[in-house]
Amino acid sequence: MRGSPLARLVLAVYMLLVVYASLYPLVGWRDHGLWPLEFLLQPWPRHVLAFDVAADFVGYAVLGLLAVLAWPRLRGGNAVLAALAVGTLLSIALEAAQTYLPSRVPSNVDVLCNAAGALAGALAGLAFAPMTPALHGWRTRLFLPGALSDVGLALLGLWLFMQLNPAMLLFGGGDLRNLFAGAAGPARAPEFFVAIEAVTAAANLAAVALLASAVVAPNAPVRRLILLLVVAALGVKTLAFIIILRAQDSFAWLTPGALRGLGAGLAVSLLAVSLPRVARMAAAAVLLMAAAVLVNLAPPNPYLAEILRLWQQGHFLNFNGLTRLVSALWPFAAIGYLIVLAARRRDEGLL
């Protein structure tokens, strides 16, 4: 889908995510009297974590790949050079901005890893480009045409991305407590928490499935696509726990409440996709609102807090701030999208 609106949209969203993750937590800005680019002339750091190097490289490799796919007029070496320039300049600018953040340390090693990642991603994008017509055909067959559907697909991608947040309930977005106040409320009996988690997971899963069905083409295998989306989300969740903890704890997120919610949500989703499109969009919005309320009322999970104390993975702590922001805002963005989508379909006489 080289040069498609979806490729450009994904690139723009990804760059915003990179900016936020690089400047998180965005508080305590102050001028220390240092030249913002002084870090470029500093000696090589004595201690460099392999995880940080890998995170810097992979993060910008994705940026380089998306840049090549989003700019159809640039080909071959020009595309690679442009992606490398964008990645390097963005990295330098963000590292320079970190000079004014007491909690962040700008590093020339980070810039080097970011530039190397952008170059590798750009080269991968060139190799991947011949396969994009097939992907474009797949997108055309399975999903409705138009930029509005592309926005829906981008939202589904962000939903998968937010599953990397290990601290949230399964599929449980919309928690605003960390943005405005600390987590409140005393711990409750395990049965109460299990019920909250099950209902939250089921409601969010059903809402996401209904949102996905709203952008799926009429003759597409919607139930199979929903199952594929759920499997991908569970895979991302498992990957997050493998990175944070250990391989033997990779399914620590599969609590009794999560398991019940997963089963109930799948059952409801596979039945509800038979409803008329307008009913699916309305049900998705109501479920998202109800689930967001439950997430904000849910008591703290002492078990999850205990296992997350093992989390010691350098840059991933800042990445957690990014996933937390996306998970907090995603349900409200999805509700707004459903409202716009319903209004557009009504104007087009498709409801």
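Predicted model: local features only at pLDDT ≥ 70, side-chain atom pairs only at ≥ 80, totals over all residues.
Figure 1. Of its 351 residues, 48% count as buried. Among contacts with a separation of 6 or more, 86% are between residues 24 or more positions apart.

**Figure 2. Helix α4 spans residues 108-128.** Its 21 residues reach 30 Å from the first C-alpha to the last, close to the 30 Å expected at 1.5 Å a residue. Val 109 is itself one of the buried residues of α4. Others to look for include Asn 108, Asp 110, Cys 113, Asn 114, Gly 117, Ala 118, Gly 121, Ala 122 and Gly 125. The cover over the buried residues of this helix includes α2 (50-70) and α3 (76-98). A handy reminder while you trace the helix: an α-helix has 3.6 residues a turn, so residues three or four places apart point the same way.

**Figure 3. Pro 25 sits in the loop between α1 (5-23) and α2.** With a relative accessible area of 29%, Pro 25 is partly exposed, because that class lies between the 20% and 50% limits. Do look for Gly 321 in this view as well: Pro 25 and Gly 321 are 296 residues apart in sequence, yet their C-alpha atoms are 7.2 Å apart in space.

**Figure 4. Tyr 20 and Tyr 24 are one of the four aromatic pairs counted in the model.** Their ring centres are 5.9 Å apart, and the planes make an angle of 50 degrees, a tilted arrangement. Tyr 20 and Tyr 24 are both buried.

**Figure 5. Trp 159 and Phe 171 form a tilted aromatic pair.** The ring centres lie 5.2 Å apart and the planes stand at 35 degrees, so the pair is tilted. This pair links distant parts of the chain: Trp 159 belongs to helix α6 (residues 147-162), while Phe 171 is in the loop between α6 and α7 (177-180), 12 residues apart. Trp 159 is buried, with a relative accessible area of 1%. Phe 171 is buried too, at 0%.

Technical notes:
Residues numbered from 1 in each chain as written. Heavy atoms only, no water. Buried < 20%, exposed > 50% of the residue type's maximum accessible area, 1.4 Å probe, protein only. Contact = heavy atoms within 4.5 Å. Helix = DSSP H or I, 4+ residues; strand = E, 2+ residues; numbered from the N terminus. Expected span 1.5 Å × (residues − 1). Phe/Tyr/Trp six-rings, centres within 6.5 Å; stacked < 30°, edge-to-face > 60°.
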